[in-house]
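I opened this model to look up a few things and keep notes as I went. The entries follow.

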Amino acid sequence: MIEPSANNDTLEPREFLLPLVAGAFGDCDDDASFFPSDQHLRALEFMGSSLWTRARLGVVTAEPGCGKSVLIKRLLRHLDERIVVAAVRREHVNPQEFLLEILQQYGFSLESDDKSNRRRLLERFLKHQAAAGRLCVLIVENPQGMHPSVLEEVRALGNVEAEGGTRVLKLLLLGPPRLNRVLESPRMTDLVSGNAARFALGPLSEDQTAAYVAHRLRAGGAADPDALMSYTLMPTVYACTGGIPSQINRLCERALAAAVVEGSARVTASALDRAIDELNLRERLPLPVAVSLPVPPTADDPVTQPVVAKLLVSLQGLPDREIALGEARMLIGRGEEADVRIDSVFVSRYHALIVRGGGHDLLLDLGSTNGLLINSRRIVRRILRHRDLIQVGPARVMYLNEAVLARHEPDPGETLAFARPGMPMAAGDEDVGTVMAFGRLDQSGER
């Protein structure tokens, strides 16, 4: 093996890449590794302003991996002695463990078997610090996953007042978007007012992803990041990671390791492909655009013109988003892999599926817990028609497709669902004369 020298050109590829594999995309523990994207800088500004304004509470939401923990570390490094901070990151704690962790971070020497009234100790400490002109801050990560009894402690601490009615604790809560639903629950209304300050941190754009990769490589010691990992690879990196920094770190670290195995001095397309396969990210890549010739109509497929269809999703009566139906299959559910994601406990992870083909869109219930309502009828299978209204848990989904306006014939394969115990009643279920059966309802009167 060649001994290292001052000139990197004399190093073997493995010698040059190994230090980058170890550190370039590891934990962001120093200022040099922190990537100052526009949204992260605005999030830091928001968190800082939450401490110095009269606001009692600041809320930062972001999908996992977008950098909430990195922001907390950076914020804590730049606070002065006037601020006393405790940060709780564990989700699975009981109320007494939660209070003990806060007390220990505030400087109390308590053991886990200490029988002191921990909430009373915290209240007295907070009031004393306020009287001394110091600001107490409590940062809680992922409170949406904590037990309601722990959230009750958060609410109680946030309501502690000094003489004159001044609140003595600043709360900074960080979690995924569903944290907002927890804060809007009835038990949190006296803590979270309607104008509570909130900031939504989004993923990086494709351009920011390329800049982020170059920044981390440079922080790891690469003099020319583009020569090491070309910008031509960045669209693929972005497609596989969605611009989420933690996912970018995993993929790029694995791609660097694959380049070491190849013996290459840079990350090649084949090294990136190998990393994508190792992390099972291949399905996130967009399908190649193919030029297809017109197919003559057949008896089984009489409609060959392209079908333009879309879904209008609304939540709580308010428009939420519009989704074009461009894929052969569209999954509806609560899981992150769903094409139409509805984050609700009333929606199954794999709730329903839209299958496109033959000039129509077929909606199938995938055995969901709470079922599907289409135009107020409980349905298992239906060929969708223009302006069909689909109820999926709390969401109302309007199917729009003017290309099927001319087809009014009944769907012979339409399947209604039998009501199950505990399932909410659909319109008409209370009618004892209603016949629920598989297949089309025969209204001819013949038996």
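I count two residues as in contact when heavy atoms lie within 4.5 Å. The model is a predicted one.

**Entry: helix 12**

I began with helix 12, residues 269-278, and asked which of its residues are buried. They are Ala271, Leu272, Ala275 and Ile276. I then looked at where they point. These residues sit on the same side of helix 12, because they cover an arc of only 140 degrees around the axis. Next I looked for what covers them. The cover includes helix 10 (234-241) and helix 11 (245-262).

**Entry: after helix 12**

I followed the chain out of the helix. Leu279 belongs to the loop that links helix 12 to strand 6 (310-315). Is Leu279 buried or exposed? Its relative accessibility is 11%, and the cut-off for buried is under 20%, so Leu279 counts as buried. I listed its contacts, leaving out neighbours within four places in sequence: Arg250, Leu251 and Arg254. For Leu251 I also took the C-alpha separation from Leu279, which is 7.5 Å across 28 residues of chain. Asn280, which also follows helix 12, has a positive phi, near 55 degrees.

**Entry: cysteines**

I checked for disulfides, each a covalent bond between the sulfur atoms of two cysteines. With a limit of 2.5 Å between the sulfur atoms, the count is zero. Cys240 is buried at a relative accessible area of 1%. Cys252 is buried too, at 0%.

**Entry: strand 4**

I went through the pairing of strand 4 (residues 169-175) next. Six bridges join it to strand 3 (residues 135-141), and the two run parallel. In that pair, Val140 stands opposite Leu173, and Val137 has Lys170 as its bridge partner. Strand 1 pairs with strand 4 through five bridges, again in the parallel sense. Gly58 faces Leu172 of strand 4.

How many residues of strand 4 are buried? I get seven of its seven. Both faces are covered. Leu169, Leu171, Leu173 and Gly175 are buried on one side, and Lys170, Leu172 and Leu174 on the other.

**Entry: helix 4 and Glu101**

Glu101 is one of the residues in helix 4, which spans 95-105. I wanted to know why Glu101 counts as buried. Its relative accessibility is 17%, and the limit is under 20%, so Glu101 qualifies as buried. Its side chain makes a polar contact with the side chain of Arg90, at 3.2 Å. Residues up to four places away aside, Glu101 touches Ala87, Val88, Arg89 and Arg90.

Notes. Residues numbered from 1 in each chain as written. Predicted model: local features only at pLDDT ≥ 70, side-chain atom pairs only at ≥ 80, totals over all residues. Heavy atoms only, no water. Helix = DSSP H or I, 4+ residues; strand = E, 2+ residues; numbered from the N terminus. Buried < 20%, exposed > 50% of the residue type's maximum accessible area, 1.4 Å probe, protein only. Polar contact = N/O pair within 3.5 Å; in protein donor to acceptor, adjacent residues only side chain to side chain. Arc of directions from axis to C-beta. Pairing = 2+ DSSP bridges.
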